[in-house]
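Keep the structure in view as you read.

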Amino acid sequence: MRLLVTYVLLLKVALGDSCASNQFTESGQCCSLCPAGFGVEVKCGKEDTKCTPCPQETFSPSEGLGPCLPCSKCPLSVPKVASCSAKQDTQCECDNGFFLLSSYGLCAPCSKCSRGEGAVQECGPQQDTMCQPCGPGTFSEENGSTKPCQTCTQCSDSGVEIRACMPNSDTLCMDKTLHILSRPAETDGARDAPRFPGMEVIDEREVSPVPGTPKFTPQDEDGSNNILAYVSVLAAVVLGLLLYVAYKCWRSCKQKKALSKARAAELGTSPEGEKLQSDSGVFLDSHSLQDNQPSKGTKRDSKQDNRLYINLPPHRQEEVEQLLQEGGCRGWRQLGAALGYEPEQLDLFGHGEAPAHTLLSNWGQKEGSTLGLLCSALARIERPDVVTVLNCPTQGVSVV
């Protein structure tokens, strides 16, 4: 019996008698498909498929061997265009650019194809956009497109192909009449080559090429014009790197100068020490004089500078803010704490692009925002370089 069934199936295939369901009963009969609006009640096996009409709230959109599917429900605030029937699911009307995602019951935004991909199925009320990579001879240059892939452009007879068509870019052509890297065509008589400013014309007949060297004719080679594009890009990259290195060197020199000024302010000798050094040959610095002769008078004392910070020249304020901005662990945040600001206020200043400028501008509006108070706060966070920029009075001792 099994051999007979197998023989019947082979005979059907040999004679081209195709079966739409690709399934057969044990007796070799082709299993029937359930029509739209019907679902499978008994699967095909010993006997043919048995179908039943889809009950309410279910549907079957096409022929098949599956059960009826449950009807979808439109999300809240989404109008219903058509109710569910035995052959069609519920139709909901989402806004333009959206489609109904039945599995989650909501309107989802339509997908967009990236560069190098084209839409093979447009976004509809019940289906999302379907994208597919562009094949040979097609391209898509738009990012976020809902259009299919476009056919590549073919260069005309008067043009030369500079770059071949790729999935994400069209063919790039150039007009041959530009005469870039090309020699003028020779005629029966002698023809003068076009002369360009600053260029000397060399007659080909006067130059004998080395034997075995291939003759370079860029006009006849498609890839020759690519050299100009590559060289231009390479030159731009090299120029950008040189400018970046020059900028970094300038910044480094500026920081070193500021650090040198700060060290000079800390380690420099007083005028009296220099005088003693020139007269007696003995070096005396201001620190030794202060330790050994505390009873001597001073030309300058540590009286506070009553000048207001807001009256400083703008360029001096910018220099102070720049040093505090780059101060790291002894920058504007530590200065703000020394000036009495709460951490919450400093965090708020830190959200801006220039927190040091914000801090000093806010503090400068307060009453009593003198340079003396600011220099005292800078001394507590050990920033003598900023004190030097502010030009606050320092202690200097002289011997009478």
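This is a predicted model. The structure holds five salt bridges.

| Salt bridge | N to O distance |
|---|---|
| Glu142 and Lys147 | 4.0 Å |
| Arg333 and Asp347 | 2.9 Å |
| Arg383 and Asp385 | 3.0 Å |

Take the pair Arg333 and Asp347, whose side chains meet in a salt bridge. The pair links distant parts of the chain. Arg333 sits in helix 6 (residues 332-338), and Asp347 in helix 7 (residues 343-350). The two residues are 14 apart. Arg333 has a relative accessible area of 32%, so Arg333 is partly exposed. Asp347 has 39% and is also partly exposed.

Now turn to Glu142 and Lys147. Glu142 has 41% relative accessibility, so Glu142 counts as partly exposed. Lys147 has 46%, and Lys147 counts as partly exposed too.

Are Arg383 and Asp385 buried or exposed? Arg383 is buried, and Asp385 is buried as well.

Next come the packed helices. Helix 5 (residues 314-325) packs against helix 8 (residues 355-364) at an angle of about 125°. Their axes lie 8 Å apart. Because of that angle, helix 5 is oblique to helix 8. The crossing of helix 5 past helix 8 is right-handed.

Which residues of the two helices meet? Helix 5 brings Val320, Glu321, Leu324 and Gln325. Helix 8 brings Pro355, Ala356, His357 and Leu360. By class, this contact has five nonpolar, two polar and one charged residues.

Technical notes:
Residues are numbered from 1 along each chain as its sequence is written. This is a predicted model: local features need pLDDT of at least 70, side-chain atom pairs count only at pLDDT 80 or more; totals for chains, interfaces and linings use all residues. Side-chain values use heavy atoms; hydrogens and water are left out. Axes are lines fitted to C-alpha atoms, for helices over the stretch in contact, and angles run from 0 to 180 degrees between N-to-C directions. Helices (H or I, at least four residues) and strands (E, at least two) are DSSP runs, numbered from the N terminus. Angles under 35 degrees count as roughly parallel, over 145 as roughly antiparallel, 65 to 115 as roughly perpendicular and the rest as oblique. A crossing is left-handed if the near helix is turned anticlockwise from the far one by less than a right angle, and right-handed if clockwise. Contact means heavy atoms within 4.5 Å. Ala, Val, Leu, Ile, Met, Phe, Trp, Tyr, Cys and Pro count as nonpolar, Asp, Glu, Lys and Arg as charged, and the others, Gly among them, as polar. Buried means under 20% relative accessible area, exposed over 50%, partly exposed in between (1.4 Å probe, protein chains only).
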